[in-house]
Amino acid sequence: MAKPAKREFPKLPTSLAVKRQGDIAILSLARPHKRNALDDTTVIGIERFFAALPKGIKAVVMHGRGEHFSAGLDLSELTERSVAEGVEHSRMWHRAFAHIEFGKVPVVAVLHGAVVGGGLELAAAAHIRVAERSAYYALPEGSRGIYVGGGASVRVPKLIGVTRMMDMMLTGRTYDAAEGQAIGFSHYLVASGKGLAKGIELAERIAENAPLTNFAVMHVLPRIAEGDAAGGYLAESLMAAIAQGSADAKARLKDFLEKRGKKVLRG
Ligand code: 1HE
């Protein structure tokens, strides 16, 4: 009997799908019925995928199926965590997304619809962002009674500046795709439906470079250009865990899950 073909990519949860196209891999968030909300299984799957990229893959394109890139943290899992569990949860996100930012190959994120909360944190871990006209950005943690925990306090200010992030978190401001392009969320802005093709085109271009140059751009450039972010991630995870444990957070999350909380709509 013939041996089963060796699996090229690690086994992924059903919320993720992967396809190889020549030298690049296309990773899809594949949970559109939940607006690609990021549950623990998906975050761990993202980590597993980026940690074990097969040889020969030179760039990755990441996008979301359905109408939205990602509605962020799966709020239905955020129920009764202790502070210690909250820190552990946030550090799990940090570890997973570090495998993107400081992984083996450059990652192009293709954004459309909601790119909010943890979805924006995921997008911010990529090296290049292509936005479709439908994309919009928000950090609604304040209205849910929680705090960012997936690396936003380190990565988002690098893109748009600390004061804009403060405004987003304090006032719930959303940026549309054109505004997001102007302030630095995206590098490229394309018509709706054209993002994936643009992302693939860019990834193929990246894959033509000398791998060592790409590696240096990903690993050396940021460490020269920026300070050490380790303390920032740790502080964020502490704050995320404390905020999650509050009665306020519990009430607000219950409101969302029982359909009383406001949706995060375009501004
Ligand atoms: C979810 C989630 C979610 C949708 N967790 N289940 N993120 C947010 O605060 C954004 C919350 N979501 C929304 O504002 C809206 O869902 C959207 C504007 C993104 C899309 O609206 P819509 O009308 O297309 O979809 P929907 O009817 O709201 O959602 C469809 C289903 O997905 C529904 O479940 P169903 O079982 O009733 O069908 C929703 O409950 C579910 N769903 N978003 C769980 N986020 C590491 S810290 C990061 C902290 C954060 O990310 S805070 C931001 C959380």
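Trainee: How many residues surround the ligand, and which are the closest?

Mentor: Bearing in mind that this is a predicted model, 26 residues surround the ligand, and the closest of them are K34, A71, G118, R144 and K259.

Trainee: And what is 2.7 Å from an oxygen atom of the ligand?

Mentor: That is a polar backbone atom of G118, a residue that also belongs to the closest group around the ligand.

Trainee: Which residue has a side chain with an N or O atom 2.8 Å from a ligand oxygen?

Mentor: That residue is K263, whose side chain has an N or O atom at 2.8 Å from an oxygen atom of the ligand.

Trainee: Staying with G118 for a moment, which helix covers residues 118-125, and what does that helix touch?

Mentor: Residues 118-125 make up helix 3, which packs on a sheet and touches strand 5 and strand 7, with its direction at about 85 degrees to that of strand 5.

Trainee: What is the strand order in that sheet?

Mentor: The sheet is open, with 3 strands in the order 5-7-8 and mixed pairing. Its edge strands, each pairing on one side only, are strand 5 (114-116) and strand 8 (175-176).

Trainee: Do strands 5 and 7 run parallel or antiparallel, and how many bridges join them?

Mentor: Strand 5 and strand 7 (residues 136-138) run parallel and are joined by 3 bridges. If you want a place to look in the viewer, find A114, which stands opposite Y136 in strand 7.

Trainee: Changing topic, which residues have the most contacts inside the largest nonpolar core?

Mentor: Those are V60 and Y137, in a core of 53 residues. There is also a second, separate core of 14 residues, and I128, V130, V190 and L202 are among its members. As a general background, nonpolar side chains in soluble globular proteins tend to be buried together.

Trainee: What about S28, is that residue buried or exposed?

Mentor: S28, which is found in strand 2 (residues 24-29), counts as buried because its relative accessibility is 6%, and the cut-off for buried is under 20%.

Trainee: Which side chain does the S28 side chain make a polar contact with?

Mentor: The partner is the side chain of H63, at 2.9 Å. Leaving out residues up to four places away in sequence, S28 touches H63 together with S15, L16, A17 and R65.

Trainee: One last thing, where does E80 lie, and what does E80 contact?

Mentor: E80 lies in the loop between strand 3 (59-64) and helix 2 (83-101), and E80 is exposed, with a relative accessible area of 63%. Setting aside neighbours within four places in sequence, E80 is in contact with E85 and K250. The C-alpha atoms of E80 and K250 are separated by 8.0 Å, while the two residues are 170 residues apart along the chain.

Notes. Residues are numbered from 1 along each chain as its sequence is written. This is a predicted model: local features need pLDDT of at least 70, side-chain atom pairs count only at pLDDT 80 or more; totals for chains, interfaces and linings use all residues. Side-chain values use heavy atoms; hydrogens and water are left out. A nonpolar core is a set of buried Ala, Val, Leu, Ile, Met, Phe, Trp, Tyr and Cys residues joined through side-chain atoms within 4.5 Å. Buried means under 20% relative accessible area, exposed over 50%, partly exposed in between (1.4 Å probe, protein chains only). Helices (H or I, at least four residues) and strands (E, at least two) are DSSP runs, numbered from the N terminus. A polar contact is a pair of N or O atoms within 3.5 Å; within protein, one must be able to donate a hydrogen and the other to accept it, and residues adjacent in sequence count only if both atoms are side-chain atoms. Contact means heavy atoms within 4.5 Å. Two strands pair if DSSP finds at least two bridges between them. Axes are lines fitted to C-alpha atoms, for helices over the stretch in contact, and angles run from 0 to 180 degrees between N-to-C directions. A residue is near a molecule or strand if one of its heavy atoms lies within 4 Å of it.
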